[in-house]
Amino acid sequence: MARRMMSRLGQWSSYVFAVDFDTNSDPIYFALASKQSERPQVFRNVLADEKCYSLHVQSDDKIERAKFYGGLKKKLSKELPPECTILEMSIFQPNVKDSVIKGYFLKDASKSSATERVLGELLRNDPVYVCSYLCGGEDRQWSQHLWSNTEDGWVEVLEKYCVVPAEKPVHHPSTLSIINYDVFYSFEDAYKVLQQCVDIIPESKAVLELVDQRLESKEKTDFPVIVIEGLDATGKTTLTESLTEALGATLLKSPPQCLSPWRARFDTEPPLIRRAFYALGNYLTAGQIGQEARQAPVIVDRYWHSTAAYAIATAVGGKLGNLPQAGSEVYGWPGDLLRPSLVLMLSLSSQERMRRLQVRGQDKTMEEEELEANHLFRQKVEEAYQRIEGPACITVDASPSPDQVLQQVLLLIREKCHL
């Protein structure tokens with residue numbers, strides 16, 4: 001079994017390992033070699049009596065891999081000793097798409113053998129690779145020991161490597177797996193994910209049945225389609241309602257109301273499944289847009305920009321500079337999704353947005369809580385919005401009065417859409 005796993009993974013020693021000690025900073029990288037080298041930074045803060053391990057979720061089945069990883073941290077937190085620190089970790093081949101394998105790095109300060117027992121059980125029963133790290137020799141060189149199961153169920157060392165420092169890669173590792181994992185670029189790719197979930201998530205069948213009845217949307221519409229984007233409390237609801245009245249337009253929202261019965265269920269799923277669900281919501285909205293835009297202009301409260309911007313910002317850890325560069329294919333519009341005539345993004349200072357949220361007194365969404373607590377995440381969301389192309393967002397200052405914002409937006413619509 002272990003040899004078969006190794007053949008699927010390829011050359012284990014060609015991978016780079018990334019450990020996130022701080023989610024707002026760059027990971028610490030290390031690699032494997034046959035010869036000794038300087039001490040990797042990842043072990044510089046490891047105390048003499050601490051043990052280190054890593055485990056990596058492996059499976060050829062994307063759904064199985066996503067589901068298992070989604071519940072793994074909770075399982076580890078419950079079963080490992082309280083003295084064991086759990087850090088997010090990934091391994092990847094630099095610049096190779098879809099090469100990322102997610103997992104965890106463990107620093108165990110306990111004196112018991114509980115951690116090795118838990119990891120051994122995972123290795124025997126679940127789709128994981130397990131490694132231990134030892135420091136030995138006169139120069140205190142760290143080595144990685146890749147575990148394997150014997151035929152009688154015992155754990156043995158399959159391979160041993162020296163651990164060496166690795167340079168920071170050109171692209172943050174999380175950017176290698178955004179396409180069709182965090183962001184979907186075709187109806188077919190998103191549909192396949194939920195199709196594979198029917199047996200394990202019964203609600204998937206109902207969603208797919210609804211999607212199968214969706215209205216087809218043609219490439220061009222008879223009347224303009226204007227999308228209003230922006231973070232919560234920037235005035236989207238007020239503006240979209242005012243625009244609808246001023247233009248005699250139809251107002252639509254994304255995700256569409258028809259998906260509401262299942263949103264709470266899919267919000268608990270791992271990113272792969274959750275993002276596929278919301279991607280299909282965009283195609284349902286596109287069908288509604290295509291039908292309504294035959295008779296009048298259409299105003300849409302959020303659309304694909306929101307789906308993609310939040311997904312990209314969530315997927316990419318660390319600094320703002322870790323986002324894919326402007327012009328990257330991850331910011332490209334899906335080729336089979338109806339394109340709006342104009343996309344306007346309302347912009348507001350964080351202080352004013354927080355004030356408006358407090359006035360509302362409404363419960364915050366999970367994403368809104370993250371935006372409020374994490375300034376860096378908010379920056380990444382806003383930057384991702386700005387980098388999406390085909391069409392790009394036009395930023396609108398939402399700080400003036402609602403009527404002034406409305407007049408500003410009407411001028412833009414008349415200029416760009418000739419209404």
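Trainee: In which strand is the place of His145?

Mentor: This is a predicted model, in which local features need pLDDT of at least 70 and side-chain atom pairs count only at pLDDT 80 or more, while totals for chains, interfaces and linings use all residues. Residues are numbered from 1 along each chain as its sequence is written, and side-chain values use heavy atoms, with hydrogens and water left out.

His145 has its place in strand S7, which covers residues 141-149; helices (H or I, at least four residues) and strands (E, at least two) are DSSP runs, numbered from the N terminus. With a relative accessible area of 10%, His145 is buried, a word that here means under 20% relative accessible area, whereas exposed means over 50% and partly exposed lies in between (1.4 Å probe, protein chains only). The side chain of His145 makes a polar contact with the side chain of Ser143, at 2.9 Å. A polar contact is a pair of N or O atoms within 3.5 Å; within protein, one must be able to donate a hydrogen and the other to accept it, and residues adjacent in sequence count only if both atoms are side-chain atoms. If neighbours within four places in sequence are left aside, His145 is in contact (heavy atoms within 4.5 Å) with Val130, Cys131, Ser132, Leu134, Val157, Glu159 and Lys160.

The protein chain has 13 helices and 13 strands, and buried residues make up 51% of its 419 residues. The domain assignment gives domain 1 (2-175) and domain 2 (187-417), with bounds that come from an automatic or database domain assignment. The centres of the two domains, taken over C-alpha atoms, are separated by 37 Å.

Where domain 1 and domain 2 meet, 14 residues of domain 1 are in contact with 18 residues of domain 2. The area buried between them is about 1,300 Å², of which carbon and sulfur atoms give 60%; buried area is the accessible area (1.4 Å probe) that two parts lose on being put together, summed over both. Of the area that domain 1 buries against domain 2, Asn24, Ile63 and Lys67 supply 40%, more than any other three residues. The rule finds three salt bridges across this interface, a salt bridge being a side-chain nitrogen of Lys or Arg within 4 Å of a carboxyl oxygen of Asp or Glu. Lys97 forms a salt bridge with Glu329, and the closest N and O atoms of that pair are 2.2 Å apart.

Some features of the backbone also deserve attention. Most residues other than glycine have a negative phi, and most peptide bonds are trans. Ala233, however, has a positive phi of about 70° although it is not a glycine; Ala233 is placed in the loop between strand S9 (225-229) and helix H6 (236-247) and counts as buried at 3% relative accessibility. Arg302 likewise has a positive phi, near 70°, lies in the loop between strand S11 (298-301) and helix H9 (304-315), and is buried, with a relative accessible area of 16%. A cis peptide bond, with omega about 0°, joins Ser254 and Pro255, and Pro255 is found in the loop between strand S10 (250-253) and helix H7 (260-266).
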